[in-house]
Amino acid sequence: MTTARRISGTTIAAHAVLMTYTVIALFPVFVILINSFKTRRAIFRDPLGLPNEETFSLIGYQTVFRQGDFVLYFQNSMIVTVVSLTLILLFGAMAAFALAEYRFKGNTLMGLYLALGIMIPIRIGTVAILEMMVSTGLVNTLVALILVYTAQGLPLAVFILSEFMRGVSDDLKNAGRMDGLSEYQIFWRLVLPLVRPAMATVAVFNMIPIWNDLWFPLILAPAEEVKTLTLGSQVFIGQFVTDWNAVLSALSMAILPVMVLYVIFSRQLIRGITSGAVK
Amino acid sequence: MPAPSKPKTRWHIAVFLAPAVLVYTAVMIYPLFNTLRLALYAEVDQQRIWVGLQNFQTLFGDAIWSEQFWNALGNNAWFFLIHMLVQNPIGIALAALLSSPRLRFSAFYRSAIFIPTILSFVIVGFAWKLILSPIWGIAPGMLDAIGLKFLYQPWLGKEEYALTTLSLVSVWQYVGIPMMLIYAALLSIPDEILEAGECDGITGMSAFWKIKLPLILPSIGIISVLTFVANFNAFDLIYAAQGALAGPDFSTDILGTFMYRTFFGFQLQLGDPHMGSAIASAMFGIILIGVCTYLFGIQRRLRNYQF
Amino acid sequence: MTALKLEGVNKSFGPVHVLKDINLTVEEGEFVVFVGPSGCGKSTLLRVIAGLEDASCGTIAIGGDVVNAVPPAKRGIAMVFQSYALYPHLSVKDNMGLGLKQEGQPKSVVQERVSKAIKMLDLDDYATRKPAELSGGQRQRVAIGRAIVRDPKLFLFDEPLSNLDAALRMNTRVEIAELHRTLSASMIYVTHDQIEAMTLADKIVVLRDGRIEQIGTPMELYNNPANRFVASFLGSPSMNFLVRSVPDLPPGQTMGIRPEHLRLSDAGPISGRVTHVERLGGDTNLLVRTPQDETLTVRVFGQDPSEVGDVVHLTFAPQQVFHFNEAQERIF
Amino acid sequence: MTALKLEGVNKSFGPVHVLKDINLTVEEGEFVVFVGPSGCGKSTLLRVIAGLEDASCGTIAIGGDVVNAVPPAKRGIAMVFQSYALYPHLSVKDNMGLGLKQEGQPKSVVQERVSKAIKMLDLDDYATRKPAELSGGQRQRVAIGRAIVRDPKLFLFDEPLSNLDAALRMNTRVEIAELHRTLSASMIYVTHDQIEAMTLADKIVVLRDGRIEQIGTPMELYNNPANRFVASFLGSPSMNFLVRSVPDLPPGQTMGIRPEHLRLSDAGPISGRVTHVERLGGDTNLLVRTPQDETLTVRVFGQDPSEVGDVVHLTFAPQQVFHFNEAQERIF
Amino acid sequence: QQAELTIESWRNDDLAIWQDKIIPAFEAQHPDISVRFTPSAPAEYNAVLNSKLDAGSAGDIITCRPFDASLALFEAGRLADLSDLEGMSNFSDVAKSGWSTDDGSATYCVPMASVIHGFIYNKDAFEEVGVAVPQTEEEFFAVLEAFKEDGNYIPMAMGTNDQWEAATMGYNNIGPNYWKGEEGRMALIAGEQKLTDEGWVAPFRQLAKWGAYLGDGFEAQTYPDSQNIFTLGRAAIYPAGSWEISGFNALADFEMGAFHPPVQNAGDTCYISDHTDIGIGMNAATENPEAAMTFLNWVASSEFSNIFANSLPGFFPLSKADVALEDPLAQEFISWRGKCESSIRSTYQILSRGTPNLENETWNASVAVIKGDESPEDAAQRLQDGLALWYTPQQ
Ligand SMILES: Nc1ncnc2c1ncn2[C@@H]1O[C@H](COP(=O)(O)OP(=O)(O)OP(=O)(O)O)[C@@H](O)[C@H]1O
Ligand SMILES: Nc1ncnc2c1ncn2[C@@H]1O[C@H](COP(=O)(O)OP(=O)(O)OP(=O)(O)O)[C@@H](O)[C@H]1O
Ligand SMILES: [Mg+2]
Ligand SMILES: [Mg+2]
């Protein structure tokens with residue numbers, strides 16, 4: 001029957017646009033994936049061709065697993081990413097809570113101070129950081145990486161989380177105080193669960209640069225036992241000769257875990273958005 | 001007898017702030033400012049000597065340095081402009097489409113469009129170089145298929161196109177972020193306001209222009225300033241695709257690559273932490289000015305609406 | 001001419017059948033109020049009329065034309081939302097004018113109609129303010145103004161006063177009544193508040209569970225409720241229903257009597273102990289518990305000296321009593 | 001013993017002086033209601049009592065002990081918030097039990113007191129639900145339950161009913177009154193709604209601008225307001241104030257008379273034309289405009305046949321009239 | 001007691017060779033020393049190494065870039081002076097020049113390998129089109145023209161996207177023939193020649209003609225693209241460095257040959273770039289100086305040269321000891337040492353110490369000339385002006 005709110009035409013158009021963009025977004029990823037299953041010859045002969053009997057090859061994956069301990073690298077990357085994210089979220093949320101909840105002298109100043117970090121590339125502080133890690137004996141430990149990433153992630157985390165925390169009802173926190181919750185418990189048991197969507201946002205923003213970083217693993221933790229996946233994949237990029245099969249395979253495998261993390265966080269994110277918890 | 005209640009020391013504030021402030025100060029601020037300090041020194045005969053602002057004088061006064069600096073700054077501005085003009089509008093448009101009610105598969109679209117954002121620069125650089133390469137035929141072939149072969153150019157290799165091309169690749173990679181943020185902002189617009197618009201005859205495009213867009217302006221503002229900061233700190237993509245010399249002929253050189261090259265050295269060029277720090281300080285200044293302009297000039301005009 | 005005619009309107013959200021066979025006529029210039037418990041479908045019905053939702057079946061005719069396929073803006077209606085739904089980024093003037101501009105009216109016409117509405121609603125001093133800078137009552141008036149300028153055949157109000165505090169609610173209620181008189185437009189008004197319903201309506205529609213229970217003038221419904229539901233829904237404090245405390249009541253029947261129709265006297269057919277006294281200044285509500293363990297509310301005009309614990313006797317006029325059968329239908 | 005004693009309490013937020021020299025005593029078991037216009041400092045005062053804000057100066061004694069330096073949870077009070085402030089991620093049971101657990105009560109005690117409160121508030125079926133799955137009224141009861149289980153010396157309510165709809169508000173009001181009787185605890189209750197104030201309070205505190213205007217029982221305030229502000233604030237519809245329409249009124253004076261004290265008669269000192277009639281079933285409000293262009297509300301018990309346009313004459317008993325001087329103080 | 005040595009290197013490519021061949025051979029002789037080879041990403045090597053040295057976390061053994069990069073480290077006291085190392089006597093002064101102070105008084109890295117420039121070609125393609133290996137510039141362009149006409153092969157596989165190929169495999173590959181190798185290079189350093197002199201402009205003139213024979217869209221063609229094009233058999237000639245040999249051997253399934261840069265006229269002396277490229281030195285702050293010395297002495301030995309040269313054909317040992325090469329292509333390259341005069345890349349010693357950096361500028365200029373964006377004369381003038389800005393002998 002005829003309807004007053006005719007939407008079918010626009011809906012089709014919307015799907016068409018979104019579909020087109022989705023193809024644009026996924027096409028390069030698709031190119032990488034299919035080529036990781038082909039011989040080098042086939043990659044460059046016909047980069048768009050799907051692997052077939054003739055061109056199918058797992059040589060890249062074989063090389064990756066032969067060359068270096070990829071399970072270990074993977075584990076290192078995972079530890080660094082997850083622990084850094086946890087610390088960023090925890091420390092960031094704590095600081096954001098202090099800034100959002102309490103009025104104290106220097107509140108604004110502290111907020112600005114914590115924001116400075118997003119404006120300077122941390123790379124230039126490399127030597128000082130490395131010196132510090134050397135003197136504390138943290139070089140070639142995952143702790144060094146975790147500390148750097150945590151520091152690097154904090155400014156944005158504090159910025160985003162404090163915005164959200166201002167939105168948590170004062171009454172709720174006061175109800176907690178009446179119930180005898182300490183300020184720490186209010187933070188931990190009331191506020192944190194309520195800003196989960198914001199935490200997910202922060203996690204998504206920080207996860208990617210950490211997972212993909214090459215620089216700090218190279219400088220702070222190049223040893224075999226603490227190599228990250230990205231650094232491990234560098235083995236295949238030589239000065240003159242690059243093993244494209246292996247690079248593509250390693251990188252394809254490196255996409256998976258971030259995808260999984262993203263899916264986990266984005267569910268929180270979207271749930272938060274759609275339940276109206278986000279303003 | 002009015003008893004003034006004694007002010008309590010609120011230790012918990014310190015406890016809440018301490019971990020973040022300590023880690024951040026020790027691992028970020030201290031090294032950064034320790035390094036920026038180098039901008040005021042120079043190395044002469046293996047000796048570090050205080051030269052005041054002389055490095056800056058060199059950077060802005062010496063033709064060789066200043067030419068590179070302004071070139072990088074100009075490229076950076078263009079890089080930023082493309083993001084503002086392409087990435088953010090596309091992000092907004094996609095978010096607007098995604099937020100239309102009762103749209104099916106929206107979760108799929110959302111995730112798919114976000115995927116490039118989680119890829120590493122190595123992948124992005126490789127994939128796009130492969131696609132755009134004149135040799136392997138993906139882009140020329142596809143243009144050929146729709147009869148537009150004559151439009152094909154070796155984009156990454158031509159001075160006039162390379163920067164724009166890389167900016168667009170970066171847009172492709174990051175469009176998910178404005179999309180997500182705008183999507184959240186759009187969802188928080190109450191249905192009733194849109195329905196009021198519907199009763200007023202404001203539907204479809206005009207609903208977007210007249211109601212939704214003004215209401216998400218604050219979010220757009222935040223995204224713009226985040227884009228600004230990210231763009232003026234950008235480095236990796238250009239470096240991954242064009243190397244530290246940001247070719248062809250420095251046409252893709254931005255402040256990040258210029259700073260990197262100067263600070264850490266490149267090929268036969270030795271690293272000069274002092275000049276490098278001077279460039280980094282200049283970048284810091286530019287970003288600070290941009291952010292302050294936003295905070296004090298623009299943001300106060302963007303009203304945050306309570307629904 | 002009828003302003004609105006609904007015939008056999010049904011609405012389902014997926015499996016949930018929300019509106020069930022709604023038939024309703026609103027005459028030109030009539031003020032119709034929808035009341036009913038929360039979730040009974042009042043808002044949904046209003047939105048179907050406005051065109052914000054499509055009816056699953058049935059016809060909707062506004063001013064004689066079937067409008068099922070007409071978009072909201074073209075139906076000649078205007079709607080005032082519970083949350084006001086003002087455009088937060090536009091000034092009062094622009095909030096009111098946006099719909100007209102969208103229609104393509106010339107600037108002068110927009111200007112003129114908006115100023116007229118602003119004057120009518122006494123908003124002159126606020127014309128250039130944004131909604132955030134207005135008080136609740138003023139926002140309310142802007143929302144009404146936005147409806148007025150469109151000069152609709154039919155106004156739709158969805159609980160427009162529920163966000164206002166008591167004092168403001170009273171004032172605005174009177175203003176809306178006056179507006180109705182001035183504009184002599186047809187209005188449909190949804191409310192929870194039965195005082196609003198009683199004071200504003202030419203005709204009240206009582207809904208329950210997506211179905212129309214009764215339609216009539218306020219006094220008809222008050223004095224002649226068709227069933228126990230309607231009887232209990234209108235009147236505050238609400239009607240007393242007695243089963244055990246009344247002698248000679250046939251089994252299965254319930255007797256209903258309004259609190260203000262019970263009178264304290266030295267002796268009477270019903271007696272009980274006062275368990276609670278509400279002194280409102282202008283009148284007094286006594287809660288009385290009968291020996292049969294039923295609670296009655298008695299409303300006394302003025303200030304009554306009764307105290308908790310007093311034993312009281314109650315009389316009533318037989319013609320003020322309602323009787324309901326087991327199916328809760330009114331018998332007499 | 002006094003439940004609460006405030007002496008010389010002041011509160012400033014930076015330069016804003018919000019509470020000004022508040023002195024107040026609440027007796028054991030008393031139900032005290034704070035009323036006053038929005039922004040007058042009611043919530044702030046409540047929060048100072050609860051310990052959520054520190055008083056700038058003055059002493060607060062609860063149950064005889066000065067508690068200025070005691071944290072909220074140790075003051076022996078419980079607070080119910082306007083927004084209920086339930087913990088969204090905890091079930092009803094856990095919402096109620098959290099405070100007790102926090103105190104370190106053994107599990108069995110927590111269990112027992114929570115079940116008792118759940119039974120008392122009729123929440124048995126919802127004990128394991130989360131707040132989001134409850135209706136407004138149910139949430140309200142959970143919030144009260146959370147207060148009850150702590151067995152406080154003093155309950156604080158900050159507009160606990162303002163988020164409920166009219167019908168629910170009425171029911172819950174009665175429930176709170178009953179609760180007060182059952183628990184015989186002291187309660188302080190903030191409201192905008194003067195019906196709530198009148199029906200619940202043993203003692204009403206009228207605040208204006210951070211200052212106490214008058215303290216007294218509802219009927220004291222209703223019958224003996226200290227000034228025009230208090231007089232107009234209590235009573236619904238509110239008191240009529242006349243200057244020009246009353247013959248022989250000395251200049252500068254205002255006469256106040258409550259709507260229910262005006263009677264329609266064939267002749268009377270005041271006459272006017274009916275401009276609006278509100279028929280509420282149980283009673284009828286007439287708005288009457290005098291030739292001197294003042295509007296009066298007349299409240300008639302029962303259903304009155306007057307129509308808009310009728311000319312009516314009004315009489316009143318002289319002892320029911322209030323007089324106010326230019327400073328708005330009551331003269332007699 | 002066991003000493004452990006860590007080697008810093010940019011040679012990711014060699015990881016397997018070090019792990020499987022070189023290190024076991026060393027450890028067999030020195031069971032008390034264990035060695036780890038830890039290469040980092042080539043492009044980041046200088047930055048990473050400098051940071052690590054500054055902070056004190058670098059390995060014991062450091063692979064040395066030639067000339068200024070290592071000289072700076074030595075002057076800053078990061079690299080130990082190895083002048084007195086026994087094994088140093090195995091190297092000629094020319095070989096040591098890459099890692100000695102300007103006055104030659106101190107040497108701080110053991111020369112490890114040099115690379116030779118030239119052209120690798122597809123023998124099958126040459127047969128198919130029926131052309132012979134060019135000896136002179138004229139023949140060289142005739143061959144290119146023949147391939148262009150034939151159309152089945154891209155005449156020459158090179159791109160300008162990564163910039164360095166244009167300078168390294170272009171300018172510095174063909175240049176020595178024009179500036180007469182060491183003679184011209186030393187004259188330039190001494191300030192007796194200028195970059196605008198004919199010998200230095202002529203290579204640009206030749207490069208300017210290359211553009212026409214590179215593949216479509218060579219502007220966006222990367223170095224790996226060029227490698228792939230050639231090894232997939234789509235191109236005929238590849239301007240090369242000898243380091244390509246082992247990679248190409250693995251990838252190409254056609255026969256390859258090599259020729260040195262063609263001379264201007266038949267019979268002219270040929271000059272080749274035989275560039276000292278890899279050295280190896282000792283971190284001055286190492287905790288195991290003895291073990292490190294032991295290792296470096298071994299690197300200076302002929303045993304190492306043999307293993308290294310045969311595992312990595314194309315990286316030619318610099319020691320005086322004779323090394324037998326098995327790879328035919330590598331043999332071809334190294335045979336030029338006998339026929340032609342060797343030289344090193346012109347920009348590497350001394351001339352790239354200031355700003356603007358002559359090496360970087362040469363990359364840029366070579367690309368511009370190949371693309372036709374700049375005339376050879378203008379490019380040369382630009383380089384000369386830049387050099388004169390800071391290099392006193394040229395002022
Ligand atoms: N979009 C929808 N999808 C599914 N069910 C809906 C939708 N909108 C409303 N409903 C359901 O329809 C019923 C009627 O809702 P409606 O909003 O019309 O009630 P109402 O009478 O306006 O209630 P209230 O007085 O609380 O505003 C409710 O049970 C509600 O859950
Ligand atoms: N944290 C604060 N900082 C500054 N001013 C405040 C703060 N809290 C309240 N005020 C001010 O104190 C005054 C009293 O506020 P309060 O909330 O006590 O009013 P209220 O009587 O509860 O009003 P309402 O009836 O609207 O709830 C207001 O003018 C308010 O603006
Ligand atoms: Mg509704
Ligand atoms: Mg309040």
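The shell around ligand 1 splits into three nonpolar, six polar and two charged residues. In this sorting, Ala, Val, Leu, Ile, Met, Phe, Trp, Tyr, Cys and Pro are nonpolar, Asp, Glu, Lys and Arg are charged, and the others, Gly among them, are polar. The model is predicted: local features need pLDDT of at least 70 and side-chain atom pairs count only at pLDDT 80 or more, while totals for chains, interfaces and linings use all residues. Residues are numbered from 1 along each chain as its sequence is written, chains are lettered from A and ligands numbered from 1 in the order in which they are written, and side-chain values use heavy atoms, with hydrogens and water left out.

So who sits around ligand 1? The residues are C:Phe13, C:Val18, C:Ser38, C:Gly39, C:Cys40, C:Gly41, C:Lys42, C:Ser43, C:Thr44, C:Glu159 and C:His192; a residue makes the list if one of its heavy atoms lies within 4 Å of the molecule. The biggest giver is helix α1 (residues 42–50) of chain C, which puts three residues into this shell. Helices here are DSSP runs of H or I with at least four residues, strands are runs of E with at least two, and both are numbered from the N terminus. Some of the neighbours also make polar contacts, meaning pairs of N or O atoms within 3.5 Å (within protein, one must be able to donate a hydrogen and the other to accept it, and residues adjacent in sequence count only if both atoms are side-chain atoms). A polar side-chain atom of C:Ser43 comes to 2.5 Å from an oxygen atom of ligand 1. For C:His192, the distance from a polar side-chain atom to a ligand 1 oxygen is 3.3 Å, and for an N or O atom in the side chain of C:Glu159 it is 3.4 Å. On its own, ligand 1 exposes 630 Å², and the protein buries 59% of that. Accessible areas come from the Shrake-Rupley method with a 1.4 Å probe; for residues, only the protein chains shown count as cover.

Now for ligand 2, which lies between chains A and D. Chain A supplies A:Arg103 to the surroundings, and chain D supplies D:Phe13, D:Val18, D:Ser38, D:Gly39, D:Cys40, D:Gly41, D:Lys42, D:Ser43, D:Thr44, D:Glu159 and D:His192. This shell holds three nonpolar, six polar and three charged residues. Helix α1 (residues 42–50) of chain D contributes the most, again with three residues. As for polar contacts, a ligand 2 oxygen is 2.8 Å from a polar backbone atom of D:Gly39. A polar side-chain atom of D:Lys42 also lies 2.8 Å from an oxygen atom of ligand 2, and one of D:Glu159 lies 3.4 Å from a ligand 2 oxygen. Of the 630 Å² of accessible area that ligand 2 has on its own, the protein covers 62%.

What about the chains themselves? Eight pairs of chains are in contact, and chains A and B share the most contacts, where contact means heavy atoms within 4.5 Å. Chains C and E don't touch, with their nearest C-alpha atoms 49 Å apart. No contact joins chains D and E either, and their closest C-alpha atoms are 49 Å apart.

Chain E does have something worth a look of its own. The structure holds two disulfides over all chains, a disulfide being a pair of cysteine sulfur atoms within 2.5 Å. One of them joins E:Cys64 to E:Cys109, with 2.0 Å from S to S. The torsion about this S-S bond is about -75°, so the disulfide is left-handed. It ties together distant parts of the chain, from E:Cys64 in strand β3 (residues 61–64) to E:Cys109 in strand β4 (residues 109–122), 45 residues apart.

The chain A span is 74% helix and 0% strand, with end C-alpha atoms 20 Å apart. The chain B span is 72% helix and 2% strand, with ends 23 Å apart.

UniProt also marks transmembrane regions in chain A, including residues 12–34 and 142–165. Residues 12–34 of chain A are 100% helix, and their end C-alpha atoms are 30 Å apart. Residues 142–165 of chain A are 100% helix too, with ends 31 Å apart. In chain B, the transmembrane annotation includes residues 107–128 and 215–238. Residues 107–128 of chain B are 73% helix, with end C-alpha atoms 26 Å apart. For residues 215–238 of chain B, the helix share is 88% and the ends lie 35 Å apart.

How values were computed:
UniProt positions are given in the numbering used here, feature names are shortened, and annotations may be inferred rather than shown by experiment.
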